[in-house]
Amino acid sequence: MLQSYKCDKVCSGLVVSGSGEPVNNFNLQILRTDVSGMPMEWVNYQDAVRLYHIEQVAYTCGERLYVVRGGINARSGLRSQIEVHSIIATQGSNRSLHDSYIPPLNNRALFKRDANMCMYCGQQFTRRDLSRDHVRPLSQGGYDDWNNVVTACKRCNNHKAGQTPEQANMQLLAIPFTPTHAEYIFLQGHRVLADQMKFLLAHFPRTSPLHKRFNKLA
Ligand SMILES: [Zn+2]
């Protein structure tokens, strides 16, 4: 179903929550997908409204997050409004993201990939107590890429120092892996809503370790 809106002065519009109450939490992210439903990126509600406004939204899924009210239409005398849902599919597709995509490596996404868990002692920590460990150390020819890095608490990382797990007599609890594009979108999310989580999980590879690590959140 194609939803189109004619709406003026969107930026000065009133924003209310999906239930009709005015909201001041504009931080909820909206998951944008391509027209085939492939997850693309997170957008804020202003970007989502813009996409509705230029009629780029092909269809929506998920719950209604915001209702943005625009100006009064001179011809109809009605106030225009745009309903922003948690997942919006936009026109066009980007098939190049399906294959051989390698997301940029950063600690925030890395720690989330490993569910904030030290991959040596198995305990969970806050982000500031975690570090990036190179399973095969850089000094021994290891690479700084997703398949050679794991989350480690600072204590375990110090103990391991410039050694491989075997040399340090430490057991690695899970094999590191490179996230797919859909997995990376999830890892970048700040506050992933339940319906967005469910949607993203359905796009993860069947064998993804993230199913086990995050399924309970969906
Ligand atoms: Zn540890």
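**Questions on a predicted model**

Q: In which strand is the place of Ile-87?
A: In this predicted model, the chain has seven helices and seven strands, and one of the strands, running from residue 79 to residue 90, is β5. The place of Ile-87 is in strand β5.

Q: Is Ile-87 buried or exposed?
A: A residue counts as buried if 20 or more other C-beta atoms lie within 10 Å of its own, and as exposed if 12 or fewer do. Ile-87 has 22 other C-beta atoms within 10 Å, and therefore Ile-87 is buried.

Q: Which residue stands opposite Ile-87 in the pairing of β4 with β5?
A: Strand β4, which covers residues 57–72, runs antiparallel to β5 and is joined to it by ten bridges. Leaving aside neighbours within four places in sequence, the contacts of Ile-87 include Thr-60, Cys-61 and Gly-62. The residue that stands opposite Ile-87 is Cys-61.

Q: How many Å apart in space are Ile-87 and Phe-199, C-alpha to C-alpha?
A: Phe-199 is among the residues in contact with Ile-87 when neighbours within four places in sequence are left aside, and so are Asp-195 and Gln-196. Ile-87 and Phe-199 are 112 residues apart in sequence, but in space, C-alpha to C-alpha, their separation is 8.7 Å.

Q: Which residue in the turn between β4 and β5 has a positive phi?
A: The strands β4 and β5 form a hairpin, and six residues lie between them. In this turn the positive phi, about 75°, belongs to Gly-77.

Q: Which residue in β5 does Arg-32 stand opposite?
A: Strand β2, made of residues 30–33, runs parallel to β5, and three bridges join the two strands. Within this pairing, Arg-32 stands opposite Ile-88.

Q: How many residues of helix α5 are buried?
A: Helix α5 covers residues 181–188 and is mostly covered. Its buried residues are Ala-182, Glu-183, Tyr-184, Ile-185, Phe-186 and Leu-187, and they pack against β3, α2, α6 and α7. Of the eight residues in α5, the number buried is six.

Q: Is Phe-177 buried, partly exposed or exposed?
A: The place of Phe-177 is in the loop between α4 and α5, where, beyond neighbours within four places in sequence, Phe-177 is in contact with Trp-146, Asn-147 and Pro-209. The cut-offs are 20 or more C-beta neighbours for a buried residue and 12 or fewer for an exposed one. Phe-177 has 15 such neighbours inside 10 Å and therefore counts as partly exposed.

Q: Where does Ala-161, which has a positive phi although it is not a glycine, lie?
A: The phi of Ala-161 is about 50°. Ala-161 has 10 other C-beta atoms within 10 Å, so it is exposed. Ala-161 lies in the loop between α3 and α4.

Q: What is the phi of Ala-115 near?
A: Ala-115 lies in the loop between α2 and β6, and with 15 other C-beta atoms within 10 Å this residue is partly exposed. Its phi is positive, in a residue other than glycine, and is near 55°.

Conventions:
Residues numbered from 1 in each chain as written. Predicted model: local features only at pLDDT ≥ 70, side-chain atom pairs only at ≥ 80, totals over all residues. Helix = DSSP H or I, 4+ residues; strand = E, 2+ residues; numbered from the N terminus. Contact = placed C-beta atoms within 7 Å. Pairing = 2+ DSSP bridges.
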